[in-house]
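We will go from stop to stop, selecting a few residues each time.

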Amino acid sequence: MNSRQPIPVVVLTGFLGSGKTTVLNHLLANRGGTRIGVVVNDFGSIEIDAMSVAGQVGDSMVSLGGGCLCCAVDGSELDAYLEKLAAPVHRIDVIVIEASGLAEPQEMVKMLMANENPAIRYGGMVQVVDAAEFDATRTRHPETDRHLAVADLVVLNKTDRVDTAERTRIEGALGTLCGPGIPVVGADHGRIDPELLFDRRPWTETRGQLSFEDLLAEAAHQADEADGTDGTDPADGAGHDHGHERCGHVHAAYESIEFVSEQALHPRRFLDFLDRRPAGLYRIKGFVHFGVPGHEERYEVHAVGRFLRFAPGPWGRGEARLTQLVLIGSGTDGPALLRELEACREPAPRQVPPESMWGVLRYVDRPADTPAQG
């Protein structure tokens, strides 16, 4: 992947105590076979279970058997570390930057957008909010409102510490503070589905040493032995893994919708669909076939919250020209979304004028010397 497609860089932000590190640890613990590069902007702030086996993070780079690289850096070192993580030898799939609790996320986003390294691309900004300290945080940090206004996805963490009425009030406030249509995902103990941010890959690799997944499984087994259990749920009879139970079945809170079309999609109608997507639609991923003259390549689409990016690339040898999309959300009307996508089909793409692609091209990363159309 890394030799062909730029690596997405996701910025994880939030004020001190909001639960950023907890969210990050959950993503790492449930990443499957995905190789995650992690850049921590707070020195010594990372608290990954079992990392002491590999050594303290401190100011150094730690390489785990599963391919997770963690760097503690300040802002001036960001470009250098991103270049290291993007090196093909590491085969990283996604990079997550945990920003300092006192950082200005807009500045970090600007740095990423201005970065000229073709091996990486900005992948969106996720703001973590402490539900139990929401009002107090806004009082201590008035810049909270400004940060929320530029977020692509908001994680309302520690929802287990507020009642239903308070959560509803906070979600209403976030609806006015965030940009139009910005999704708000509720979570307790930082548990969100990693699929909202990146694809988890099959874990099939063995390197002759303990991988991160091995360490987590061993830690879970030791915890089971310590509490006198055997890793199964006696209420079920057998078979429920405690590590999976501790995860809280976060995937059960989301719906996944798949859309496949042998017909091309009309670029303007598809952009209209994306522009009006509901706040509960957290992520869209897949490939789109437009078939417009001069734009017959395959367009990878990646959306996290309101962040949107297209990446054109060649079709594989013998690959069918199809649109294949996966939509992940909560509380969305699946049949209605599929009807809207059906309405984007275009039976005669060769007759669609090339200028209809200008809206799509605005979301394509371009070299600095390439002028944007439209």
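**Charges over rings**

Select Lys 84 and Tyr 81. Lys 84 lies over the face of Tyr 81, at 5.2 Å from the ring centre. Keep in mind that this is a predicted model.

Now go to Arg 298 and Phe 287. The charged end of Arg 298 is over the Phe 287 ring, 3.9 Å from its centre.

**Aromatic pairs**

How many aromatic pairs does a search of the whole structure find? There are six. Select one of them, Tyr 122 and Phe 307. Colour the strands next: Tyr 122 is in β6 (residues 120–130) and Phe 307 in β13 (residues 307–313). This pair links distant parts of the chain, 185 residues apart. Both Tyr 122 and Phe 307 are buried.

Move on to Phe 270 and Phe 273, a stacked pair. Phe 270 is buried at 0% relative accessible area. Phe 273 is buried too, at 1%.

Together with Phe 270 and Phe 273, they form one aromatic cluster.

**Last stop: helix α1**

Select residues 20–29, helix α1. Is this helix mostly covered or mostly open? Mostly covered: eight of its 10 residues are buried. Among them are Val 23, Leu 24, Leu 27 and Leu 28. Lys 20, Asn 25 and His 26 are also buried.

Conventions. Residues are numbered from 1 along each chain as its sequence is written. This is a predicted model: local features need pLDDT of at least 70, side-chain atom pairs count only at pLDDT 80 or more; totals for chains, interfaces and linings use all residues. Side-chain values use heavy atoms; hydrogens and water are left out. Buried means under 20% relative accessible area, exposed over 50%, partly exposed in between (1.4 Å probe, protein chains only). Helices (H or I, at least four residues) and strands (E, at least two) are DSSP runs, numbered from the N terminus. Rings of Phe, Tyr and Trp (its six-membered ring) pair if their centres lie within 6.5 Å; planes under 30 degrees apart count as stacked, over 60 as edge-to-face and the rest as tilted. A charge sits over a ring if NZ of Lys or CZ of Arg is within 6 Å of the ring centre and within 35 degrees of the ring normal.
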